[in-house]
Amino acid sequence: RCKQRCLRSKLPGVASVNPVSTREPLTRERVLAAALDVIDRDGLDAFTMRRLGAELGVEAMAVYRHVPGKAAVLDGVIEAMLAELNDVEPAPGDWRDALRALALRHRALERRHPGAYPLFARMPAAAYAAARRTVAGIFDTLGAAGFSPADAARALRLVVRFTIGFALTRPVEGADVPAGDPLATLLRRLADPAEEDVLFETGLTALLDGLAGS
């Protein structure tokens, strides 16, 4: 019987009893994309290699063939987010507009990936390379405006750090304000989401003004 089944599986039009798996093969890019999905959905604290393996439909050990460990996965997630900055139009010709556009793209990135964005607090310097196309365009714009290479790098880093720091220090909404508190108006304003946009724009403008005068 076994011999008959084996012969039948080789005949044209007869399905094999052991069909080839159609599962998409693992790659580093697929692992990082899945990790980003897990972190955005479940939060950074809940992320584990076992959960990542489950998301991909494999054992955790299979993931280690593509990334050496959890720290490498998290660094890769930062790179994956930064790479999204490349999917934009070239930097504007004015250096202020170019830096402002970068800050706004970072804010949009934080809103797309609220769970993973806090990873930028530990961003390795090498991760900047993932956004090389965007960074190079802004760097050239700054150079054309008269910034030295050192000053251009400093300006770019300042704007990125301002944007990251702003996102990571957002106040908790809906906080209770004690009745009769002399700072009640101020505290309510601090918790107002609309005030966040005003505060961000005020801080960014002040930073750009400072760079213009340096």
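These notebook entries record what I looked up in a predicted model of one chain.

**Entry 1. Ground rules**

I worked on a predicted model, taking local features only at pLDDT of at least 70 and side-chain atom pairs only at pLDDT 80 or more, while totals for chains, interfaces and linings use all residues. I number residues from 1 along each chain as its sequence is written, and side-chain values use heavy atoms, with hydrogens and water left out.

**Entry 2. The chain as a whole**

I took helices (H or I, at least four residues) and strands (E, at least two) as DSSP runs numbered from the N terminus. The chain has 10 helices and 0 strands. For burial I used relative accessible area with a 1.4 Å probe and protein chains only: buried is under 20%, exposed is over 50%, and partly exposed is in between. Of the 214 residues in the chain, 32% are buried. I counted a contact where heavy atoms lie within 4.5 Å. Among contacts with a separation of 6 or more, 73% join residues 24 or more positions apart.

**Entry 3. Aromatic pairs**

A pair of aromatic rings is described by the distance of the centres and the angle of the planes. I paired rings of Phe, Tyr and Trp (its six-membered ring) when their centres lie within 6.5 Å, and called planes under 30 degrees apart stacked, over 60 edge-to-face and the rest tilted. How many aromatic pairs does this rule give? The count is 5.

I looked at Trp-95 and Phe-147, whose ring centres are 5.0 Å apart with the planes at 65°, so this pair is edge-to-face. Trp-95 belongs to helix α6 (residues 95-112), whereas Phe-147 is in the loop between α7 (132-144) and α8 (149-168), so the pair ties together parts that are 52 residues apart in sequence. Trp-95 is buried at 12% relative accessible area, and Phe-147 is buried at 15%.

I then turned to Phe-162 and Phe-166, a tilted pair with 6.0 Å between the centres and 45° between the planes. These two residues are 4 apart in helix α8, which puts about one helical turn between them. Phe-162 is partly exposed, at 21% relative accessible area, whereas Phe-166 is buried, at 11%. Ring pairs link Phe-162 and Phe-166 with Phe-200 in a cluster.

**Entry 4. A charge over a ring**

I applied the rule that a charge sits over a ring if NZ of Lys or CZ of Arg is within 6 Å of the ring centre and within 35 degrees of the ring normal. Which ring lies under the charged end of Arg-107? It is the ring of Phe-200, with 4.4 Å from the charged end to the ring centre.

**Entry 5. Helix packing**

I fitted axes as lines to C-alpha atoms, for helices over the stretch in contact, with angles from 0 to 180 degrees between N-to-C directions. The axes of α7 and α8 come within 9 Å and cross at roughly 125°. Angles under 35 degrees count as roughly parallel, over 145 as roughly antiparallel, 65 to 115 as roughly perpendicular and the rest as oblique; α7 and α8 are therefore oblique to each other. I called a crossing left-handed if the near helix is turned anticlockwise from the far one by less than a right angle, and right-handed if clockwise. By that rule α7 and α8 cross right-handed. Residues of α7 in this contact include Val-135 and Phe-139, and those of α8 include Pro-149 and Leu-156.

For α6 and helix α10 (residues 193-212) I noted an angle of about 145° and axes 11 Å apart. This crossing is right-handed. The contact includes Trp-95 and Arg-107 from α6, and Asp-197 and Phe-200 from α10.

I looked up Asp-197 in helix α10 and found it partly exposed, at 40% relative accessibility. Leaving out residues up to four places away in sequence, Asp-197 touches Arg-107 and Arg-111.

Beyond four places in sequence, its contacts include Leu-82, Tyr-117, Phe-120 and Val-160.

His-66 is in the loop between α4 (60-63) and α5 (70-83) and is partly exposed, at 30% relative accessibility. His-66 lies 38 residues from Arg-28 in sequence, with 5.3 Å from C-alpha to C-alpha. Apart from neighbours within four places, His-66 is in contact with Leu-26, Thr-27, Arg-28 and Val-31.
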